[in-house]
Amino acid sequence: MTDTVERAARPTTSERYSGPPLAGGPGGPAELRRLIDIVLTSLVDGAAARGGPLPAGDPSELKREVLSSLGEVLPEEGAGPDVLGPLARMFAWGASDLADPAWSAHLLCPPLALSVAADVAATALNADLASWDQTPAGIVLEGEVIAALAELVGFDPATAAGVVTSGGTESNFMGLLLARDAVRPRHPGAADAPGPGGGRPRIFASRVAHVSVRRNAALLGLGTSAVVPVDVDENYRMDPRALHAAMERAAAAGDAPLLVVATAGTTDFGSIDPLREIVPIARAWGASVHVDAAYGGGVLFSDRLSGLLDHIEAVDSVSLDLHKFGWQPVGAGVFLARRAETFDPLAVRAAYLNPEDDEEAGYTSNLGRSLLTTRRGDVFKIAVTLRALGRSGLGALVDTCCERARYAADRVRAEPRLELVAEPTLSTVVFRYRPAQDDPVSSDRINAGLRRRLLRGGTAVIGRTDLTGEAGGIRLKFTTLNPRTTEADVRGLIASVIAAGVAEEEARCANATDNRSN
Ligand SMILES: *Cc1c(COP(=O)(O)O)cnc(C)c1O
């Protein structure tokens with residue numbers, strides 16, 4: 001080791017810092033252990049005070065509690081570190097408990113204790129992936145995690161590339177951005193079309209694709225009208241014939257079919273677009289294919305279910321979200337490209353982060369893979385989880401959640417007061433409460449009302465969507481990402497929904513009677 005230098009001497013006592021303790025350095029972890037212990041006690045106390053998946057009460061009551069516990073948020077003189085315990089208790093009380101079986105509302109998982117503990121390490125280190133000298137081990141881990149996930153998808157890890165992102169929205173943004181900026185041959189139908197790539201860029205996504213696709217198109221300056229909604233079949237999967245027709249129409253109008261965004265696991269239905277049919281259609285028009293597998297990507301961990309993503313290895317890029325199926329705390333998104341060159345348009349050089357001679361000497365960074373500069377060391381908790389549970393461990397959790405959803409669907413179908421909208425593909429169950437007076441207006445009122453009634457009681461947190469224009473109007477949704485939920489829990493949740501529906505109908509009846517008699 002001839003090219004190393006001696007460390008400088010430690011400061012003397014009189015030069016030592018006496019401000020608020022830091023998380024790092026000598027004494028940092030000991031201080032952190034003391035504070036984390038306070039936080040953990042507060043989590044227990046807050047959960048006990050909450051007594052369910054959500055605190056009971058209406059929004060104004062909740063706000064009053066939070067504000068009275070908080071006091072002045074930026075006082076002239078600070079209140080000192082003793083605020084941590086009471087505020088953590090309030091925060092836990094005023095939060096959702098994702099691990100409560102009656103919490104079944106969104107594609108947000110109860111994170112693994114292991115992953116949260118790992119994340120403490122990344123947070124305490126303030127691990128930042130922007131440059132080698134900030135988190136060298138993180139740069140290495142990101143390479144390994146991306147290679148493993150690329151292989152899971154079926155890409156060749158030697159030629160694929162990827163990056164850890166904040167979530168599906170950012171990953172989908174990258175899919176659109178890199179397709180827009182790719183150097184591509186013109187599609188066959190537009191040889192004479194004007195401009196680079198020929199005509200206005202068009203993105204094709206099923207009409208039940210995630211809202212981020214349209215939003216990202218707007219952010220990229222393509223406009224929401226650049227996203228052509230493609231019809232779905234009765235199972236909410238993109239209809240390949242409709243895709244072909246839409247691309248043909250666009251090409252005939254002189255537009256440039258840029259990208260097909262297929263969804264593997266739609267947010268409401270978990271439906272998976274037929275990739276084997278979609279890919280050749282997209283290719284025929286010279287378009288790339290991005291798969292939004294933010295939700296459904298998790299089935300790749302499961303031997304039983306991975307076939308649902310048949311042909312994903314043939315697409316150009318993929319979004320994954322390990323804060324859904326993956327049991328990571330937010331954020332844990334991943335963007336993968338089949339060919340590393342896809343990232344070329346993002347290449348960036350900053351003298352203070354990744355100078356060329358440093359990179360040549362092996363001090364590499366992933367700056368040119370990400371939209372961000374400072375980037376959390378989310379890769380650490382992901383690496384720990386993948387290593388600890390393995391593919392089969394994560395697959396078993398995915399299987400359990402999907403089984404529970406099927407059980408819930410069976411129970412919904414068996415209940416005369418409930419109506420199932422579609423068979424679950426993954427772990428969501430869309431249904432509605434059927435009121436005695438079953439017209440669309442009453443159904444919407446009762447279903448929306450019963451969900452708020454469950455929130456107000458702190459009884460259950462369930463999802464809601466709106467199918468106006470197709471199967472009807474407001475629908476309710478169970479989203480099963482809690483592997484600890486039992487069949488008995490599912491029955492309990494369904495009983496709560498029905499009880500809330502009955503109570504809502506009775507309340508409306510009583511109101512109507514009052515109004516008449518007044
Ligand atoms: C959740 C989800 C997204 C968005 O992911 P975020 O992590 O919330 O940004 C995108 N697409 C689908 C299909 C999703 O379910």
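In which loop is W327 found? In this predicted model, W327 is found in the loop between β7 and β8. The report below starts with the chain as a whole and then returns to that region.

**Overall architecture**

The protein chain contains 13 helices and 12 strands. Its radius of gyration is 26 Å, close to the 24 Å that the globule rule gives for 518 residues, so the chain is as compact as a globular protein of that length. The C-alpha trace spans about 90 × 70 × 45 Å along its principal axes. Of the 518 residues, 47% count as buried. Among contacts with a separation of 6 or more, 74% are made by residues 24 or more positions apart.

The chain exposes about 25400 Å², and carbon and sulfur atoms supply 55% of this area. There are 52 positive and 65 negative charges, and their mean positions are 5 Å apart.

Strand β8 comprises residues 333–337. Because 5 of its 5 residues are buried, β8 is largely enclosed by the rest of the structure. The cover extends to both faces: G333, F335 and A337 are buried on one side, and V334 and L336 are buried on the other.

Two antiparallel pairings involve this strand. Strand β2 (residues 161–165) is joined to β8 by 5 bridges, with T165 opposite G333. Strand β7 (residues 317–321) also pairs with β8 in the antiparallel sense, over 5 bridges, and here L320 stands opposite V334.

The loop between β7 and β8 holds G331 as well as W327. A cis peptide bond joins V330 and G331, with omega at about -5 degrees. W327 is not a glycine, yet its phi is positive. W327 is also buried, with a relative accessible area of 0%.

**Backbone angles of note**

| Site | Angle |
|---|---|
| N126 | phi, about 50 degrees |
| W327 | phi, about 60 degrees |
| G286 | phi, about 75 degrees |
| V330 and G331 | omega, about -5 degrees |

Is N126 buried or exposed? At 63% relative accessibility, N126 counts as exposed, whereas W327 is buried. N126 lies in the loop between α4 (113–125) and α5 (136–153), and, like W327, N126 is not a glycine.

**The open sheet**

A further group of 5 strands forms an open sheet with mixed pairing, in the order β1-β11-β12-β10-β9. Its edge strands are β1 (103–104) and β9 (418–420), each of which pairs on one side only. Within the sheet, β11 (residues 461–466) and β12 (residues 474–479) run antiparallel and are joined by 4 bridges. In this pairing R464 stands opposite L476 of β12.

**Helix α9**

Helix α9 covers residues 275–284, and its buried residues include L275, I278, V279, I281 and A282. An α-helix has 3.6 residues a turn, so residues three or four places apart point the same way. Which elements cover the buried residues of α9? Among them are helix α8 (240–252) and the strands β5 (256–263) and β6 (288–293). Just after α9, G286 adopts a positive phi.

Note on methods. Residues numbered from 1 in each chain as written. Predicted model: local features only at pLDDT ≥ 70, side-chain atom pairs only at ≥ 80, totals over all residues. Heavy atoms only, no water. Rg over C-alpha atoms; globule rule 2.2 N^0.38 Å. Buried < 20%, exposed > 50% of the residue type's maximum accessible area, 1.4 Å probe, protein only. Contact = heavy atoms within 4.5 Å. Areas by Shrake-Rupley, 256 points an atom, 1.4 Å probe, with all protein chains shown as cover. Lys, Arg positive; Asp, Glu negative; His and termini not counted. Charge placed at Lys NZ, Arg CZ, Asp CG, Glu CD. Pairing = 2+ DSSP bridges.
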